[in-house]
Amino acid sequence: MTTPRQFSRREMLSRCGLGMGALAASSFLGLSDAAAAGSPLAARKPHYRGRAKRVIHIFLNGGPSQVDTFDPKSELTKWHGKEIPNNLRTERPTGAAMASPFAFQNYGQSGLPVSELFAKTAAAAADDLCVVRSMHANVPNHEPSLMLMNCGDSILPRPSMGSWISYGLGTENENLPAFVVLCPGLPTKGAENWRSAFLPGSFQATHIDTTGKTVDQLIANLRNKKIGLDRQRKQMDFLRSLNEQHLSKRQGNDAAEARLQSFELAYRMQMEATDAFDVEKEPKYVREMYGDTRHGNEYLIARRLVERGVRFVQLWHGKGQPWDSHTEVEKNHRRLANECDQPLAALLTDLKMRGLLEDTLVMIGGEFGRTPTVELPSGGTNVNAKNGRDHNHYGFTVALAGGGVKGGYIHGATDEFGFKAVEDRVHVHDLHATILHLLGFDHTKLTYRYAGRDFRLTDVEGRIVRDIVA
């Protein structure tokens with residue numbers, strides 16, 4: 001007769017709490033049998049039928065200037081070089097108004113105004129773009145604003161939007177991660193931007209360093225050059241048996257479960273990832289459409305990933321915060337936009353041609369915007385101002401396309417100078433609530449119980465911006 005295993009009080013409470021939480025989650029979310037049986041990334045149905053099935057987030061990290069991209073302001077031309085009336089506190093001293101150095105033009109049947117920085121994108125997809133000009137955040141600092149945009153909280157550690165979506169929907173292809181981040185190196189705040197926090201580790205992003213170009217450079221050690229898949233499978237089965245024995249004595253150990261799942265995913269990716277990340281398999285005309293650049297490859301990989309069932313792909317423009325143009329906004333923004341305008345135009349065109357845009361939500365923007373005034377040098381006067389713009393969280397722009405949003409549509413407005421959102425204001429929580437709605441979720445009910453509380457992406461706020469839903 002086997003002696004029953006004795007549990008400590010702490011372990012017993014942990015097992016009971018996590019077990020009931022998992023049971024509640026599986027019942028509430030309507031998890032498939034595979035998911036409830038222990039496959040955390042199995043495809044699941046949302047609360048109701050959504051317009052979007054997947055998301056591509058084009059993250060222009062650092063904060064692009066709204067008045068130089070999608071929000072033209074004629075008053076800035078009139079007031080150029082003059083002090084303008086505003087009572088907004090910027091992060092650093094700012095001085096006179098600075099007119100946009102970029103020409104705007106109306107595009108498409110909608111007449112959407114877009115600057116020359118994104119001329120190719122506008123020419124290709126103006127009537128597909130939904131431009132939200134009235135975004136606002138909490139503070140004018142990169143770190144908390146990055147956390148707010150990605151994780152729904154600017155201070156405390158929270159799961160990222162991609163993790164919440166993966167948790168809610170699972171993946172359509174268990175041979176690839178549900179959540180993939182494409183970034184050369186690391187941005188400000190690093191992996192905190194795509195963490196799963198208290199959600200199970202299976203829902204954290206897989207970061208692909210896009211500094212390399214070939215599959216082996218993008219995903220190190222993807223292929224085992226010494227032994228074949230059959231022998232690897234036997235090794236994996238043996239390793240899994242050991243891990244399951246270990247896990248059976250530690251029920252509710254999310255870290256151990258995530259490790260077990262990661263081994264399986266790594267094995268399966270040998271077959272699927274070698275294909276998904278190999279852009280050379282695309283016809284020459286497609287590769288030329290995106291451009292033979294790092295950004296072109298990234299955007300093409302993003303399309304290849306979503307068409308293979310990946311739920312959330314996040315493309316970061318670069319490491320650090322490249323769009324942070326405190327000086328020489330004309331020179332810097334022109335260079336940055338030149339890197340991504342053609343690939344973005346190609347991505348939207350390609351998705352539309354393949355019938356993917358209607359159920360793929362594309363989101364383009366940064367963590368905040370920039371001031372319409374020049375940032376002053378340390379002397380605090382307009383003398384020798386460097387024609388850069390400071391951080392601005394009071395009003396900025398995010399553009400959306402596909403996935404059930406209105407195309408050729410402008411929502412909200414900033415004031416006459418582009419400083420502050422004043423009409424139909426949209427907070428980041430509202431944006432998150434709307435994205436989840438488009439995916440088929442009631443944002444107040446996509447929750448996870450942790451530390452005695454039901455958490456959600458939108459915290460205790462957020463409203464659906466129904467005017468932008470088609």
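Which residue of S16 does Met 135 stand opposite? Met 135 stands opposite Val 426 in S16.

This is a predicted model, in which local features need pLDDT of at least 70, side-chain atom pairs count only at pLDDT 80 or more, and totals for chains, interfaces and linings use all residues. Residues are numbered from 1 along each chain as its sequence is written, and side-chain values use heavy atoms, with hydrogens and water left out.

Strands (E, at least two residues) are DSSP runs, numbered from the N terminus. Two strands pair if DSSP finds at least two bridges between them. Buried means under 20% relative accessible area (1.4 Å probe, protein chains only).

Strand S5 (residues 129-136) has eight of its eight residues buried, so S5 is largely enclosed by the rest of the structure. Its pairings with S12, S13 and S16 are among those in the table.

| Strands | Bridges | Sense |
|---|---|---|
| S5 and S12 (residues 396-401) | five bridges | antiparallel |
| S5 and S13 (residues 409-411) | three bridges | parallel |
| S5 and S16 (residues 426-427) | two bridges | parallel |
| S1 (residues 54-59) and S8 | five bridges | parallel |
| S6 (residues 179-182) and S8 | four bridges | parallel |

Strand S8 (residues 312-316) is mostly covered, with five of its five residues buried. Phe 312, Gln 314 and Trp 316 point one way from S8, while Val 313 and Leu 315 point the other way. In a regular strand, side chains alternate between the two faces of the sheet. Leu 315 in S8 has Ile 58 opposite, and Gln 314 in S8 has Val 181 opposite.

Notes. Buried < 20%, exposed > 50% of the residue type's maximum accessible area, 1.4 Å probe, protein only.
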